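Subject: Structure handover

Hello,

Here is the structure you were expecting. My notes on the salt bridges follow below it.

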Amino acid sequence: MQVVPEGLKRAFTAAQKVDIELKKTQSHAIVAGAAASAAGIAAVPIPFSDAVGIVPIQVGMLAGISATFGLSIDKSFLSTIVGSIIAGAGGTLAGRSIVSSLLKMIPGAGSVVGGTIAAATAAAITTAFGEAYIAALDMLFVQNNGEPPTSEEVAEAFKAKYLQLAGGR
């Protein structure tokens, strides 16, 4: 960028912003699909069954967003940051999961109510993860003038954005 004439720098920067907006749009679609899948798994009327299926959906969602942004971040890294965020928000998430799973144990209406609570919670958490990840990548790409961030930068920015979106918990 240092040797490029000023007019071309502005054009390059504008092109990067358009490219990032396109990547964000595609990433929002990935988040919506993942949230719907997480809600579907959580709605299953089997107590405590949703926890096993939702984390892989969230990791896959983050991997899809990473690929959309052109990053080569592996799934073990993504699993680690999802796990650390879940651990950090543990009390609230665990409480909702336990309540909805206990309600699923009650035949009939309890299963329906528990499934509904679990589905809404799973969709909301998955959406929050995805939107925080998109916001973090957007911020990092803008800060780096379109250059890809490091895994460490991604992890730090993602945690900060998730906490910011989750209300500072």
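**Salt bridges and their surroundings**

Lys23 counts as buried, with a relative accessibility of 15%; the term buried means under 20% relative accessible area, exposed means over 50%, and partly exposed covers what lies in between (1.4 Å probe, protein chains only). Before the rest, some notes on the source. This is a predicted model, in which local features need pLDDT of at least 70 and side-chain atom pairs count only at pLDDT 80 or more, while totals for chains, interfaces and linings use all residues. Residues are numbered from 1 along each chain as its sequence is written, and side-chain values use heavy atoms, with hydrogens and water left out.

Searching the whole structure gives three salt bridges. A salt bridge here is a side-chain nitrogen of Lys or Arg within 4 Å of a carboxyl oxygen of Asp or Glu.

One of them joins Lys23 to Asp19, with 3.1 Å between the closest N and O atoms. Both residues belong to helix H1 (residues 6–42) and sit four residues apart, about one turn of the helix. Helices (H or I, at least four residues) and strands (E, at least two) are DSSP runs, numbered from the N terminus. Asp19 is partly exposed, at 29% relative accessible area, whereas Lys23 is buried.

Lys24 takes part in a salt bridge with Glu21, at 3.2 Å from N to O. This pair also lies in helix H1, three residues apart, again about one turn of the helix. Lys24 is buried at 17% relative accessible area, and Glu21 is partly exposed at 42%.

Which other residue does Lys24 form a salt bridge with? The partner is Asp138, and the closest N and O atoms are 3.3 Å apart. Asp138 is buried, with 18% relative accessibility.

On annotation, the unreviewed UniProt entry places "transmembrane region" at residues 29–48, 54–73, 80–99 and 105–129. UniProt positions are in the numbering used here, feature names are shortened, and annotations may be inferred rather than shown by experiment. In the model, residues 54–73 are 75% helix and 0% strand, and the end C-alpha atoms of this span lie 20 Å apart.

Regards
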